[in-house]
Amino acid sequence: MTSALLEVNGVTLQYKTPRHLVTAIYRVDFSVHQGDRYVILGPSGCGKSTLLKAIGGFMRPAEGSIRIHGREVTSPGPDRMMVFQEFEQLMPWKSVYQNVLFPMKVTRKFASREAAVRADAIVDKVGLTKFRDVYPHMLSGGMKMRVAIARAMALEPDIFLMDEPFAALDALTRHAMQEELLSLWNQLGFTVLFVTHSIEEAIIIGSRILVLSAHPGRVRAELDADSLDHKSIGAPEFGILSSRIHTLLFGEPHALYTREEARA
Amino acid sequence: MNAHPSKEPARVSRPEFEVPLADATAAGDVERPLTVAERIINNEAVQRLTILVALIVLWELYARWLNNGLLFPTFSETMRTFAKDIANGVLIDRTVTSLRTLTIGYALGVALAAVFTTFAVASGVGSRVLSTLTAMFNPLPAIALLPLALIWFGLGTPSLVFVIIHSVLWAVALNTLIGFRGVPETLRMSGRNVGLKGARYVGLILIPAAFPSILAGLKIGWAFAWRTLVAAELVFGVSARSGGIGWYIFEARNDLDTATVFSGLLTVILIGLIVESVIFRAIEVRTVNLWGMQ
């Protein structure tokens, strides 16, 4: 196996509520390679968002390790840009352009002239040139999401961490955003780790799909979905894969595809 | 028609159809600009001005009917006194004295509030200390501290500054803390995501994100401070050498010069209005309104 970009080894994640210690993720292993569209799929409350937060460096695993390029993740950093589901992630006091420029400015990854040129180019790439100087509250949900993606992309992180980014959008906008993300990936070839609870979205977006079980999240399977996208929605392979995932999530265990039986 | 045995409603089969779009030009312009008259009536400034003029007319009429300058001077007499005292510089002098004290007290109060909230944000203990202090001191009227201030600092500006600080500090600190607590978790995370920490994180993320609440605190603090100052000047204006606007009112009352008392009150109202609807309004238009945060 070639060295992976992101390696998650035996990670268990726990957090405290006022009354309980909750184990959200239990001994999960997987690795993401350069250029992957790696989807983490699981039912609601399986801890997939928690897992993404841990990879983002916002919480430390109770056991196991998370490594980016072999370096242990200890804190949040601009090498892992996160895109959240909530529109609040944008800074309401900055225009579209300023929001995109902001991460480049504070990280000083690019010289200020270059950063300004890059910000304009990215804003153009996501089709928001007309809204360059507009503040986020004037934008639709889809546009806000484009700004969030543009902002992350401008920084050229090693990996994008997307936490159900399209879940709050209406169905038509969601479809358009999925296509846009895929087309951007085709042009730029970045690496993305994408969390979703939608089987359909997982198959469309993902090149690899990690299926997590319900609470506490454990690995159920890792599947290949590279060849499937919107155009194959009606195709038999698409249906077969969805029902296979569905069985993995909700039906009886499918021995052939189980990577590791949970030690619960 | 055939009988339906089930409870389902009978559904008649209807043909599908497609038609060309109906001509909508008969509805007139889809969008038309409002006429000048409509815009003037809708203008808020015009509406408020009308109310103001109506109140002034009522005042003038009532005062003339009462015909007792000692109890209730007319608007025109008040304006004459006001103009006279502006012209001879007395009123301007008094106002400047008040505003100078106010500015010192307000600035110190806001600075202290910043220090307090910084501690509160930095640690859980600090947060609880500030919450407790605010709960204790916020309901305490600043003017009630004036006797104590007089014992500690004597007659003069330091005592005034002390009570103004008290009236500003808790309102601003409380609102800032509430604002910081209300910053959405995702916004905090996207700030930390790009590696922001400590003072930069507070300055670049927390303060702008909490700005609507901070601004509300500053406005409340200003109103408290202004009221406290005028009241405090009235209480010990008697022995102060160079008095402020409160002293001006107090002096006039001693002389039973009611028109001057009115002109002093008018000045207090005017300054309140200017700060509220010019200075704070300008800040709002350029910040929270522009950002859609209010």
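**Domains of chain A**

I started with the spacing of the two domains in this predicted model: the centres of domain 1 and domain 2 of chain A, taken over C-alpha atoms, are separated by 27 Å. I then looked up the bounds. Domain 1 of chain A is made of 1-79 + 159-168 + 188-264, while domain 2 covers 85-156. Where they touch, I find 8 residues from domain 1 of chain A and 8 residues from domain 2 of chain A. I sorted the domain 1 side by class and got 6 nonpolar and 2 charged residues, with no polar ones.

**The sheet in chain A**

Next I traced the strands. Chain A has an open sheet of 6 strands, and I read their order as β6-β7-β8-β3-β9-β10, with mixed pairing. At the edges I noted β6 (80-83) and β10 (219-224) of chain A, each of which pairs on one side only. From one strand to the next, I have an average twist of 20°.

I took a closer look at one end of the sheet. Strand β9 of chain A, residues 208-212, pairs with β10(A) in the antiparallel sense, and I have 5 bridges for this pair. For Arg208(A), I looked up the bridge partner in β10(A) and found Asp224(A).

Which strands does helix α7 of chain A lie across? I see α7, residues 236-250, lying across β3 (37-41), β9 and β10 of chain A. Against β9(A), the helix runs at about 25°.

**A helix pair in chain B**

From α4(B), I list Phe116(B), Thr117(B), Phe119(B), Ala120(B) and Ala122(B) in the contact; from α5(B), I list Gly126(B), Ser127(B) and Leu130(B). By class, I have 5 nonpolar and 3 polar residues in this contact of α4(B) with α5(B), and no charged ones.

**Where the chains meet**

Last, I turned to the two chains together. I count 17 residues of chain B in contact with 20 residues of chain A. Which elements of chain B give two or more residues to its side? I find α8 (185-193) and α9 (198-209) of chain B. The largest share of the chain B side is from α8(B), with 6 residues. Sorted by class, the side of chain B that touches chain A has 11 nonpolar, 5 polar and 1 charged residue.

How values were computed: Residues are numbered from 1 along each chain as its sequence is written. Chains are lettered from A and ligands numbered from 1 in the order in which they are written. This is a predicted model: local features need pLDDT of at least 70, side-chain atom pairs count only at pLDDT 80 or more; totals for chains, interfaces and linings use all residues. Two strands pair if DSSP finds at least two bridges between them. Helices (H or I, at least four residues) and strands (E, at least two) are DSSP runs, numbered from the N terminus. Axes are lines fitted to C-alpha atoms, for helices over the stretch in contact, and angles run from 0 to 180 degrees between N-to-C directions. Two residues are in contact if their C-beta atoms, placed from the backbone, lie within 7 Å. Ala, Val, Leu, Ile, Met, Phe, Trp, Tyr, Cys and Pro count as nonpolar, Asp, Glu, Lys and Arg as charged, and the others, Gly among them, as polar. Domain bounds come from an automatic or database domain assignment.
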